[in-house]
2 protein chains.
Amino acid sequence: MSSTRLLILGVLHDETLNGYEIRRRLELWGADQWANVAFGSIYHGLTKMSQEGLLEIVEKGRGGSTVYGITDIGRQEFQRLLAEAWWRVKPVIDPFQAALTFMNHMPKEQLLSALGSRSAQLRSLLAMCEPAIEGKVQYGAPRHITECVRLNMARTRAELDWIEDAIPRIEKDELP
Amino acid sequence: MSSTRLLILGVLHDETLNGYEIRRRLELWGADQWANVAFGSIYHGLTKMSQEGLLEIVEKGRGGSTVYGITDIGRQEFQRLLAEAWWRVKPVIDPFQAALTFMNHMPKEQLLSALGSRSAQLRSLLAMCEPAIEGKVQYGAPRHITECVRLNMARTRAELDWIEDAIPRIEKDELP
DNA sequence: AAGTTTGTATTCAAATTTGAGTAGCTGTCA
DNA sequence: TGACAGCTACTCAAATTTGAATACAAACTT
């Protein structure tokens, strides 16, 4: 259901890696910005999918690390999950909407200063992404990864636009 | 960490309700589009927060339902969580980005038809929201709830724009 | 050379989320 | 009138996620 399995299988599609490296790879791809890729999630996924035969242990502990590789069934499952992810539109989980829902419980002052702060935070997030978009930075991630960054930026800009629009309306007491 | 607690506390801020009604209320507000509000999550939150003293049982089972109300500590916690939700920018969890990440593992044909399908699905989602925005439908949700819908639509449009932009690029083999 | 930070690699308990199932009640339609 | 659908209200096991803790090695500092 969540994308953790898909991500792990995808990372292991062409190489064998240990849990730590997988997590690193995902971070490189910016997956920490839009998925649950805490170490715990990764290691859990690895042991679970090994039990299910989607992965196999290529190199066991013995002082060294535990390296995983994908199996044939794992590859099939990868394709299945990937197709599903492409075809099925699933809702985006967004903590800010919960904040929005209770807008009316915040004093006007706080609302305005929180929005100001968010606006600044979002702007600097966008600024941080610029170099990646312009191809300045290519840490070895495939080129199409920039598309994730683009989409992310577009979403962020959407929130920013909402904020810029909301601020004057709150000032004029049209909101909430 | 997630918004479930905030949502439950917020719903119970001004009235006492049972688990089922809480879930209904949240659905009315569209929370199922951007939060984890499965029944299990709600009921778990209710029992947990009761144990912690944030909620109290106002009316116990006895054939009837278990009705919860918020306590003073619960109100404090609500304010705390609300402030945090407003000030701290937290990442949005988006399953589609995982799909995007492995774009290169999909044959061009499938990519194009999946995008076509998504585009249609997103358009109809947007169409469904229109009446809510124009104030045609007010099932009793506070007026500022439309702001959630607006923001949601803006995000959806961002994805749609990305798709419209990507389709020709894929056709021209500029992607992946 | 001892002490401190930083990076690698993992584990674990506790918290949360999912998804499916149960059971009672109400309306309705034949 | 009885059977079947749909709504209300909830439970539960299994899966996942979180957040913090651990351990050990390399690098850096004083």
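Q: What conventions apply to the model and its numbering?

A: This is a predicted model, in which local features need pLDDT of at least 70 and side-chain atom pairs count only at pLDDT 80 or more, while totals for chains, interfaces and linings use all residues; side-chain values use heavy atoms, with hydrogens and water left out. Residues are numbered from 1 along each chain as its sequence is written, and chains are lettered from A and ligands numbered from 1 in the order in which they are written.

Q: Which residues are the closest to DNA strand C?

A: A residue is near a strand if one of its heavy atoms lies within 4 Å of it. By this criterion 18 residues surround DNA strand C, and the closest are A:M1, A:Y20, A:T66, B:S2 and B:T4. They divide into four nonpolar, 11 polar and three charged (Ala, Val, Leu, Ile, Met, Phe, Trp, Tyr, Cys and Pro count as nonpolar, Asp, Glu, Lys and Arg as charged, and the others, Gly among them, as polar).

Q: What part of DNA strand C do the atoms within 4 Å of the protein belong to?

A: Sugar or phosphate accounts for 71% of these atoms, and bases for the rest. For DNA strand C, a backbone N or O atom of A:T66 lies 2.4 Å from a phosphate oxygen, and a polar side-chain atom of B:T4 lies 3.0 Å from a phosphate oxygen.

Q: Which element gives the most to the surface near DNA strand D?

A: Helices are DSSP runs (H or I, at least four residues), numbered from the N terminus. The most comes from α3(A), with four residues. In total, 17 residues surround DNA strand D.

Q: How are α2(A) and α3(A) oriented to each other?

A: Two packed helices are described by the angle between their axes and the distance between the axes. Here α2(A) and α3(A) pack at about 125 degrees, with axes 10 Å apart. Angles under 35 degrees count as roughly parallel, over 145 as roughly antiparallel, 65 to 115 as roughly perpendicular and the rest as oblique; α2(A) and α3(A) are therefore oblique to each other.

Notes. Polar contact = N/O pair within 3.5 Å; in protein donor to acceptor, adjacent residues only side chain to side chain. Axes fitted to C-alpha atoms, helices over the stretch in contact; angles between N-to-C directions. Helix = DSSP H or I, 4+ residues; strand = E, 2+ residues; numbered from the N terminus.
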